[in-house]
Amino acid sequence: MSAPQRLPYYSLSPAAYQGFGATKKALESSPLGKELVELVWLRVSQINGCAFCLEMHAKALRADGVSQAKLDSLAGWRVSERFSAREHAALAWTDALVHVDRTGAPDADYEPLKEYFTEVEISDLTFAVALMSAFNRLAIGMRQ
């Protein structure tokens, strides 16, 4: 049973929310590709426990043709063969940033990015993790 929404943050702080929306739109056209961005957003939402965002990003990935088996194995991406080396690098960085309080974003997770991503893509990937972390906190905190 879900708790009632606390505050409609999107209408109470429209300029801030629109800024998040503009960042989301920019990331959707990132050279990272929509599938990888959505996969990262789904992983961030898994870690943060945001049911609203989990449903939204899983649905978007399925609509784009990502297999249910791949989505089901995302929580175990480190040992799954369903993810490419590029996706592994992105997901390691995602996990490191979501848990930055514990990891400090180590070089061991940052350096492999350089093999698979341009500097622009690394920047976009970092923004993608930060943005979804913020959206998760809004949705969870305000009981969306």
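**View 1. Helices H3 and H6 pack at an angle of about 35°, with their axes 10 Å apart.** H6 covers residues 85-98; helices are DSSP runs of H or I with at least four residues, numbered from the N terminus. Axes are lines fitted to C-alpha atoms over the stretch in contact, and angles run from 0 to 180 degrees between N-to-C directions. Contact, meaning heavy atoms within 4.5 Å, involves residues of H3 including Leu36, Leu39, Val40 and Arg43, and residues of H6 including Ala90, Leu91 and Thr94. The residues of this contact comprise eight nonpolar, two polar and five charged (nonpolar: Ala, Val, Leu, Ile, Met, Phe, Trp, Tyr, Cys and Pro; charged: Asp, Glu, Lys and Arg; polar: the others, Gly among them).

The model is predicted: local features need pLDDT of at least 70, side-chain atom pairs count only at pLDDT 80 or more, and totals for chains, interfaces and linings use all residues. Residues are numbered from 1 along each chain as its sequence is written, and side-chain values use heavy atoms, with hydrogens and water left out.

**View 2. Helix H2 (residues 14-28) packs on helix H3 (residues 34-48) at about 130°, with the axes 9 Å apart.** Lys24, Leu27 and Glu28 of H2 meet Lys34, Val37 and Trp41 of H3. Three of the contact residues are nonpolar, none polar and three charged.

**View 3. Ten residues line the largest pocket.** Ala51, Phe52, Ala139, Arg143 and Gln144 lie nearest the pocket centre. Helices H4 (51-63) and H10 (119-141) are the elements that each give two or more residues to the lining. By class, the lining has six nonpolar, three polar and one charged residues. On a 1 Å grid over the protein atoms alone, a pocket is an open set of points where a 1.4 Å probe fits, with protein on both sides within 12 Å along at least five of seven lines; lining residues have an atom within 4 Å of a point.
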